[in-house]
Amino acid sequence: MTTPQGPPSLSDLGLLTDQKALVTGANSGIGKATAIALGRAGADVVVNYVSDRPAAEAVVKEIEGHGVRAYAHQADVSREDQVVDMVSTMVDRLGTIDILVANAGLQRDAPTVEMTLADWEKVLSVNLTGQFLCVREAVKEFQRRGVVPEVSRAAGKIICMSSVHQIIPWAGHVNYASSKGGVSMMMQTMAQELAPQKIRVNAVAPGAIRTPINRDAWDTEDARNALLELIPYGRIGEPQDIAYAAVVLASDLCDYVVGTTLYVDGGMTLFPGFATGG
């Protein structure tokens, strides 16, 4: 009697073999998991970070363990000159870029009347402007190179990392929610514009994921139980949940997926408070 086999690993599937990927904010959390998953799927990966080089280098080492190339690049995605240099360096070192995961983001939380202009502008500059700058530079290379059929059916794949808070209001986080609402419309507009050039732009919108940025929401029993009330599927997400979604979305399995937000949230956007009438 044969033993049932589990699902194939990303390495077995080889969904992204010979492709070149850039992941921003990739030294921790969702970005780290996504960069590693892309490497497991066969892509060479640039690990962007803004601080903590040792953590970025550790991610590089793990990716290289899957038999692909990787290196770390320090850049603040809200700085135009640094983004231009990051993408041009990638093209010089790896030959091109096939996949961009625009993941870098941050929070600076406060009630509206207490929020400083500096905190408003910082969150918008990283979470929204940073994605715009990275997409713009990647698209220039996609357009220059065009489709290489033996690598991918698309000239380029862009995944904007959004949030369930692109549609769910979030009191006390007006800058963050506004930035993610902006990401949604930016992604759709770019997708509409770039699809005729065989450039696919989509987004992944995580729900509650166990990462350092939201540790207060899950690191105590009371906080965890309160959070689970918002998640019909009954568990908090892990970074790998987002990473695997990004790999599939970047692959030719999703070649006809354009301008879509994939919510990976355990059902949070089903507004579970209304399951019993609200």
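This is a predicted model: local features need pLDDT of at least 70, side-chain atom pairs count only at pLDDT 80 or more; totals for chains, interfaces and linings use all residues.
Residues are numbered from 1 along each chain as its sequence is written, and side-chain values use heavy atoms, with hydrogens and water left out.

The chain holds eight helices and seven strands; these are DSSP runs numbered from the N terminus, with helices being H or I of at least four residues and strands being E of at least two. Along the principal axes, the C-alpha atoms fill a box of roughly 65 × 50 × 40 Å. For 278 residues, a compact globule would have a radius of gyration near 19 Å, and the chain agrees with its 19 Å; this radius is taken over C-alpha atoms, and the globule rule is 2.2 Å times the number of residues to the power 0.38.

Seven strands form an open sheet with parallel pairing, in the order 3-2-1-4-5-6-7, where two strands pair if DSSP finds at least two bridges between them. Strand 3 (70-74) and strand 7 (261-264) stand at the edges with a single partner strand each, so one side of each is left without a neighbour in the sheet. On average, neighbouring strands are turned by 20 degrees against each other, direction ignored. Within the sheet, strand 4 (residues 99-102) runs parallel to strand 5 (residues 156-161) and is joined to strand 5 by four bridges; Ile99 stands opposite Lys157 in strand 5.

Helices lie against this sheet. Helix 8 (residues 239-250) touches strand 4, strand 5, strand 6 (199-206) and strand 7, and its direction makes about 165 degrees with that of strand 6. Helix 4 (residues 80-94) lies across strand 1 (20-23), strand 2 (44-49) and strand 3, running at about 160 degrees to strand 3. Such angles run from 0 to 180 degrees between N-to-C directions, and axes are lines fitted to C-alpha atoms, for helices over the stretch in contact.

Now back to the opening question. The axes of helix 5 (residues 117-145) and helix 6 (residues 174-194) come within 8 Å and cross at roughly 20 degrees. That makes helix 5 roughly parallel to helix 6, as angles under 35 degrees count as roughly parallel, over 145 as roughly antiparallel, 65 to 115 as roughly perpendicular and the rest as oblique.

Helix 2 also has helical neighbours. With helix 3 (residues 53-64), helix 2 (residues 29-40) packs at an angle of about 25 degrees, their axes 8 Å apart. This contact is made by Lys32, Ala35, Ile36 and Gly39 of helix 2 and Val59, Glu62 and Ile63 of helix 3. The axes of helix 2 and helix 8 come within 8 Å and cross at roughly 45 degrees, which means that helix 2 is oblique to helix 8. By class, the contact of helix 2 with helix 8 has 10 nonpolar, three polar and one charged residues.

Methods
Contact means heavy atoms within 4.5 Å. Ala, Val, Leu, Ile, Met, Phe, Trp, Tyr, Cys and Pro count as nonpolar, Asp, Glu, Lys and Arg as charged, and the others, Gly among them, as polar.
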